[in-house]
Amino acid sequence: MPNSNAKLHSNHRGGREDSRRELVSRSLQSAQHCLENQDFGTAYAHYLLVLNLAPELKTTLKETFQFTLFKWAEELDSLARIQDLFNCYEQALELYPNDEVICNSMGEHLFRPSDVQSCMHLFHLFVILALRMGFRDEAAGYFHKAVKLNPDFADAKENFYRVANWLVERWHFIMLNDAKRNLTYLRAIENAVLSGSKSVLDIGTGTGILSMFAKKAGASSVYACELSKTMYELACDVVAANNMEREIKLLHLKSLDIEIPKHIPERVSLVVTETVDAGLFGEGIVESLIHAWEHLLLQPKPKNQDNSAGDYGKVIPASATIFGMAVECKEIRRHHRVGMQEVAGVCLSNSVQFFSPTYAAAGSEETVEPYTTEKLSRIPGGYRALTEPCQVMTVDFNDLQELKSLGDRKPWKLSLPVTEEGILDAVVVWFVLQLDDEHSLSTSPSEETCWEQAVYPVQGLLDYSVKTGDTVMMEVCCQDCYLKIQKISSLPSDCGMDFSDRDDTLSLGNEAELCNALAGLQTSTKQDGNTPVCVLESTEIALLNDVAYHECFKAAMSRVLLSLNPSKDLHSMDVDGHGSGINLQEHRNKSSQDVDPDALYILDVSEGFSILPIIAGKLGPVRAYSSVEKEQHQAALHVIAEANHFPKETLEFWLSHLEEESVVLQRPKSDKLWSIIILDVIETSGLIQQEVMEKAAISRCLLHSGGKIFPQYVLVYGMLVESESLLLESAVQGTEPTLGFNIAPFINQFKVPVRVYLDLSTLPCVPLSKPAELLRLDLMNPLLNSPSREVKIQICKSGQVTAIPFWYHIHLDEDHSLNTSDVSSHWKQAAVVLDEPIPVQVGDELVLDVQHHKSNISITVKR
């Protein structure tokens, strides 16, 4: 009987195995057939079934399965079936848990929302991160895993580096390297704990350093909350590495969501926090402290009582005083005011009012950050104080009623007497953070501090000049968790008002007199209701102010158009910057319905607001296509075109004709090719634009004979420098600045090799070599490009190489180029920061290994 049963089981197993093989075979055939017919969804389902039934085929089918997955994911993304997309990736990762390509692709989809498919030709990972902030931690995990699985996987490394800049913002490194700041906080926390504050809550703990200060000082119970998943997990690792995981309770919560006794057993006697930004209130410190006083802290100590501090609640920092002054600064001006009426022959005068977002925020009900930030001690060209610093306001963080009244307080007026003649460009603000009675920290531009200063640019005035004796007037309020300084203007000394006896505080005397003066000032501002307003990013305003950029493009485009129109009158070319172009008058006199059959087609796919299509339109009979997307920007360009007497058909907005990103570079007409295609090659940050070489490859196929891509090629330049600042801004330097706590190995996992948005003209550094050409990227002739290159660099000064700053020479053609390191350039620069400094002597030679992969460049030192 046993033998008979065994035989039956054997036959049963054999039958099941035959059925499995038959099903696998049929499913494979179906999958391949679907793949040939581009039915990727069905093909994916068949491959999924095959791999689950026949795991032994995983290696054989890996590449085909990846291809099918990626194509099906693209379809799901385009259909906004995001949950289905993620489900597919989760299924794929169950089959291939250690596949770095699938991990990286999963991370990319977490950051690629389907509702921006129409603008993917402008793919920029930072923007995409902002659009899908909820998934950034998860995506970073996939990118990080992909890099760990394959440290040489260039795409995953580039993705992780860019995500890391968002997950762990760079100021964390700078603040942790600020030993003075850390020591001051430690001393204040020690004083509070020693005086009886034994239970502590750290709001916005970051790496957990303030919590560890409290525990080290002797606090009996320490709680810390952190909203960011990445920072919370980092804090857990740091606290454990310092043997405090049982003594500090970490909460992955916003402080506003903490409840007693659900999360902490009882009210605490001390709250420590550093949730302050350059404008003091921008990280929500007021809102979080109001909640803390009402729900998490013991009652404050009554004034003039000597009871033990442990019986009462208190906050570190205890208070803050905000200061401000008016300044002249060319760098701030060129990023927030269009400083000319004509750009490369295009008239801008009185046609459109351009403002930066900070000005738009002043009159808006939306919660928009009303200031920018700058490290004034390192701003290119420096700045000049036009007034003495004055006290703007004070705030007591230990006074609940004062905190609650801030948001409801009516705006108040402030006046600053002008002490130096100049141009009124901005009001800059800093603060003194009073941690306790003995310890304070200042963010003043004259201090060596890890903080930047808040900058409120002045916009909308007819006259920005001020002279000694004038008065700078402004309105101050605290709304939407921000300090707002708005309605900035100047009052001439001859207006009849005397401010000489006023102190520079909130009390400004006769309110009626002041209001009348301010009402009079409004007549001097550009508030013309008939003039359209266009809000541009500060980088776009700097681009509009970049004269060399526009003149260079104008000259290069003129050359191409002339070469493609040899029959046109050479003398009608706009060679001196004031002409009218190729038969331009004849072009303008044409009816809007009468399209010149000889018109040349120009496509501008550069990012952001660009007037290059209008400059092109002034050069002759062309059809210029712009990739500008915002309706407000399109309207502004239409107004400028009309002001320059353009026929309606001269300027078109290309994206309005497109349904999907993949055809952004297609032909303008079935019988037409592009004469010029303008590509954005360099980001304002100083990096190569994503996918630019892929766009160049498509562009080359769509050019008219003799047509050009602008730029035609780019040369990358770099040099070796010694810079302590770059080291401190890129990674935590050991345990000394963090007062012996072991933090560096954990946060430094998120360091990136490249620092962006640098100004080499003010970067504290010592050049150790002369600039050298590192790489050539040719968009017109890709055969001249090499994926890797070794460059020998001669050392001209002894020191330690810590970084390799780099920039670009952008060649529109052989005779017209732009240098992104020029002082007037709207571009910033970038630098590769070395993991370890390299000591060098004069006469030494270092070899740089320069790699070019897709649109990414890596620079390493060969040992």
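**Reading the labels on a predicted model**

Guide: Thr205 lies in the loop between β1 (199-203) and α11 (209-217). Helices (H or I, at least four residues) and strands (E, at least two) are DSSP runs, numbered from the N terminus. This is a predicted model, where local features need pLDDT of at least 70, side-chain atom pairs count only at pLDDT 80 or more, and totals for chains, interfaces and linings use all residues. Residues are numbered from 1 along each chain as its sequence is written, and side-chain values use heavy atoms, without hydrogens and water.

Visitor: Why does Thr205 count as buried?

Guide: Its relative accessibility is 5%. Buried means under 20% relative accessible area, exposed over 50%, and partly exposed in between (1.4 Å probe, protein chains only). Thr205 therefore counts as buried.

Visitor: What makes a polar contact with the side chain of Thr205?

Guide: The side chain of Asp202, at 2.7 Å. A polar contact is a pair of N or O atoms within 3.5 Å; within protein, one must be able to donate a hydrogen and the other to accept it, and residues adjacent in sequence count only if both atoms are side-chain atoms. Beyond four places in sequence, Thr205 is in contact (heavy atoms within 4.5 Å) with residues including Ser211, Ala224 and Leu250.

Visitor: Why is Lys487 called exposed?

Guide: Its relative accessible area is 55%, so Lys487 is exposed. Lys487 sits in strand β20 (residues 482-491). Its phi is near 55 degrees, a positive value in a residue other than glycine.

Visitor: And what makes His645 exposed?

Guide: A relative accessible area of 57%. His645 lies in the loop between α22 (631-643) and β24 (651-653). Its phi, near 60 degrees, is also positive.

Visitor: Which residues line the largest cavity?

Guide: Among them are Tyr549, Phe553, Asp680, Pro711 and Trp827. On a 1 Å grid over the protein atoms alone, a cavity is a set of points where a 1.4 Å probe fits but cannot get out; lining residues have an atom within 4 Å of a point. The largest cavity holds about 80 Å³. Grid points are joined across faces, edges and corners, and a volume is the space filled by probe spheres set on the points.

Visitor: What is known of Pro711?

Guide: The peptide bond from Phe710 to Pro711 is cis, with omega near -5 degrees. Pro711 is in the loop between β26 (703-710) and β27 (713-718).

Definitions and conventions: 1 Å grid on protein atoms, 1.4 Å probe; cavity = no way out; pocket = protein on both sides within 12 Å on 5 of 7 lines; lining within 4 Å.
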